[in-house]
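Work through the exercises below with the structure open beside you. Try each task before reading its solution.

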Amino acid sequence: MKMKTLKLSMLTCAALVTGLISCGKKDTPKPTPTPVISQTDSIGTDFSSTGAYTFFSFKNNAVVARTDSNSTKWDFAFRFVNIIVNSQASGPGNVGVITQPGIYDDFKMAPETGYAYDTTSSRTAIDAGFTNGWYKYIDATHALIPKAGQFFVFRTTDNHYVKMEILSVTTNIPASNTEPPTEIWYKFRFTYQPDGSRNF
């Protein structure tokens, strides 16, 4: 009788331990991947090739004060048709960019290499020239139209990856008016990968 009771107790303990182990396995939460951050934003700047730049941070999704232009707080900046990135001749950061042909939504992984930098003030990573630039310029109406089928891939100073597409460019003067505008607004969307991977 004592032997039967002892065996029963041992079996009960074994079942209890097995149950606890399996419960522990079930209760351990699986790590969830960090979701990418997708935003659409608009920023304004001067309609002038000699005006001040407007600086932007992807990480913070915010305009950066011009007093911080000599810091790594910003990633890129607009001025008229010019786009600079925070690297070499334009800033103390190490931001690189690729002008990428293709469809924005279909692009799922940033390249590991091939990024360009602002090597001099006249040789920037993003071409702003009237002939081969990122836009088409309509002289009669002062309209700027982003070229279809291209967007930008950034590698930020802290090695995060972003894809960004300029959706539209508008000014404070109606297109029917021949008077040059004084302000220009860029509407763009971007996808920022906060976990440091190249996946979008």
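**Exercise 1.** In which strand does Val85 lie? Then describe its surroundings.

Solution. The model used here is a predicted one.

Step 1. Val85 belongs to strand β5, which covers residues 82-85.

Step 2. The relative accessible area of Val85 is 1%. Buried means under 20%, so Val85 is buried.

Step 3. Leaving out residues up to four places away in sequence, Val85 touches Trp74, Asp75, Phe76, Ser90, Val95, Val97, Asp118, Ala125 and Phe154.

Step 4. Val85 and Thr124 can be compared by two distances. Along the sequence they are 39 residues apart, and in space their C-alpha atoms are 7.9 Å apart.

**Exercise 2.** Examine the backbone angle phi at Gln88 and at Asn159. Where in the chain is each residue placed?

Solution. 

Step 1. Most residues other than glycine have a negative phi.

Step 2. Gln88 is not a glycine, yet its phi is positive, at about 50°. Gln88 is placed in the loop between β5 and β6, the latter being residues 96-101.

Step 3. Asn159 also has a positive phi, near 60°, and is a residue other than glycine. Asn159 sits in the loop between β9 (150-155) and β10 (161-171).

Step 4. The relative accessible area of Asn159 is 45%, so Asn159 is partly exposed.

**Exercise 3.** How many salt bridges does the structure hold? Trace those formed by Arg189 and the one between Arg198 and Glu112.

Solution. 

Step 1. The structure holds four salt bridges.

Step 2. One of them pairs Arg189 with Asp105, with 3.2 Å between the closest N and O atoms. This pair links distant parts of the chain: Arg189 is in strand β11 (residues 183-193), Asp105 is in the loop between β6 and β7 (135-138), and they are 84 residues apart.

Step 3. Both partners count as partly exposed, because the relative accessibility is 22% for Arg189 and 45% for Asp105.

Step 4. Arg189 also forms a salt bridge with Glu165, where the closest N and O atoms are 2.8 Å apart. Here strand β11, which holds Arg189, is linked to strand β10, which holds Glu165, and the two residues are 24 residues apart.

Step 5. Glu165 has a relative accessible area of 16%, so Glu165 is buried. Through shared partners, the salt bridges join Asp105, Glu165 and Arg189 into one network.

Step 6. Another salt bridge is formed by Arg198 and Glu112, with the closest N and O atoms 4.0 Å apart. Arg198 lies in the segment after β11 and Glu112 in the loop between β6 and β7, so the pair ties together parts 86 residues apart in sequence.

Step 7. Compare the exposure of these two partners. Arg198 is partly exposed, with a relative accessible area of 26%, whereas Glu112 counts as exposed at 55% relative accessibility.

**Exercise 4.** Which residues line the largest cavity, and what kinds of residue are they?

Solution. 

Step 1. Recall how empty space is found. Rolling a probe the size of a water molecule over the atoms shows where empty space is left.

Step 2. The structure holds one cavity of 30 Å³ or more. The space in the largest cavity is about 40 Å³.

Step 3. Its lining consists of Trp134, Pro146, Lys147, Gln150, Phe152, Glu165 and Ile166. Two or more lining residues come from each of the elements β9 and β10.

Step 4. Sorted by kind, the lining has four nonpolar residues, one polar and two charged.

Step 5. Connect this with Exercise 4. Glu165 lines the largest cavity and also forms a salt bridge with Arg189.

How values were computed
Residues numbered from 1 in each chain as written. Predicted model: local features only at pLDDT ≥ 70, side-chain atom pairs only at ≥ 80, totals over all residues. Heavy atoms only, no water. Helix = DSSP H or I, 4+ residues; strand = E, 2+ residues; numbered from the N terminus. Buried < 20%, exposed > 50% of the residue type's maximum accessible area, 1.4 Å probe, protein only. Contact = heavy atoms within 4.5 Å. Salt bridge = Lys/Arg side-chain N within 4 Å of Asp/Glu carboxyl O. 1 Å grid on protein atoms, 1.4 Å probe; cavity = no way out; pocket = protein on both sides within 12 Å on 5 of 7 lines; lining within 4 Å. Points joined across faces, edges and corners; volume = space filled by probe spheres on them. Nonpolar A, V, L, I, M, F, W, Y, C, P; charged D, E, K, R; others polar.
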